[in-house]
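Student: I would like to learn how to read a metal site and a helix from coordinates. Could we work through an example?

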Amino acid sequence: MSDEFPRSRKMLYYFGMILSIIGIILFLSNFVAIFTGNIFNFNPIVPLVGFFMIAIGQIIRIIGAKGIAGSGIILDPEKAREDVKPYSKAMGGVIDDVMSNFDTKSANKEIIKIKCRNCGTLNDEDSTYCKSCGEKL
Ligand SMILES: [Zn+2]
């Protein structure tokens, strides 16, 4: 079961994501105040708090994704490998999906073979002689 994300790390990941989103809203809210001419509402503490919430949110998200050892907070290579496993598996899954998609696409249009009239061997499209019996194609 070590390949699956522990529930606690999933929660941590989403908590970090939510914290970042709130941080972005806080960070941007002051620019809205400036543009709407409500300059008296400008409070330099708010975007600063927003900025730190984004930073902390991102760190929490990475810890959730890669684990405490996996994200390098504690140095333990053995534990790190174990921690990163579900993350890299998830990322690998995405890459596998993309690759298999790509493969079927190229397979559909690129594999063109010529069948030898003499022996029936399938030869490459651009070959002049049969690779099996030497007959001219
Ligand atoms: Zn042949």
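The dialogue below takes up the metal site and then the helices.

Tutor: This is a predicted model, in which local features need pLDDT of at least 70, side-chain atom pairs count only at pLDDT 80 or more, and totals for chains, interfaces and linings use all residues. Residues are numbered from 1 along each chain as its sequence is written, and side-chain values use heavy atoms, with hydrogens and water left out.

Student: Which residues coordinate the zinc ion?

Tutor: Donors are N, O and S atoms within 2.8 Å of the metal (3.2 Å for Na, K and Ca); water is not among the atoms, so sites may look incomplete. Here the SG atoms of Cys 116, Cys 119, Cys 130 and Cys 133 coordinate the zinc ion at 2.3 to 2.4 Å. Along the chain, the donors have the spacing C-x2-C-x10-C-x2-C.

Student: What arrangement do the four donor atoms make?

Tutor: Four donors count as tetrahedral if all angles lie between 85 and 135 degrees. Around the zinc ion the angles are 104 to 112 degrees, which makes the arrangement tetrahedral.

Student: Is Cys 116 buried or exposed?

Tutor: Buried means under 20% relative accessible area, exposed over 50%, and partly exposed in between (1.4 Å probe, protein chains only). Cys 116 is buried at 4%, whereas Cys 133 is partly exposed at 37%.

Student: What span should helix α1 have?

Tutor: Helices are DSSP runs (H or I, at least four residues), numbered from the N terminus. The expected span is 1.5 Å times one less than the number of residues. For the 29 residues of α1 (residues 7-35) that gives 42 Å, and the end C-alpha atoms are 42 Å apart, which agrees. Buried residues in α1 include Gly 16, Leu 19 and Gly 23.

Methods: Tetrahedral: all angles 85-135°; square planar, octahedral: opposite > 155°, others 65-115°. Helix = DSSP H or I, 4+ residues; strand = E, 2+ residues; numbered from the N terminus.
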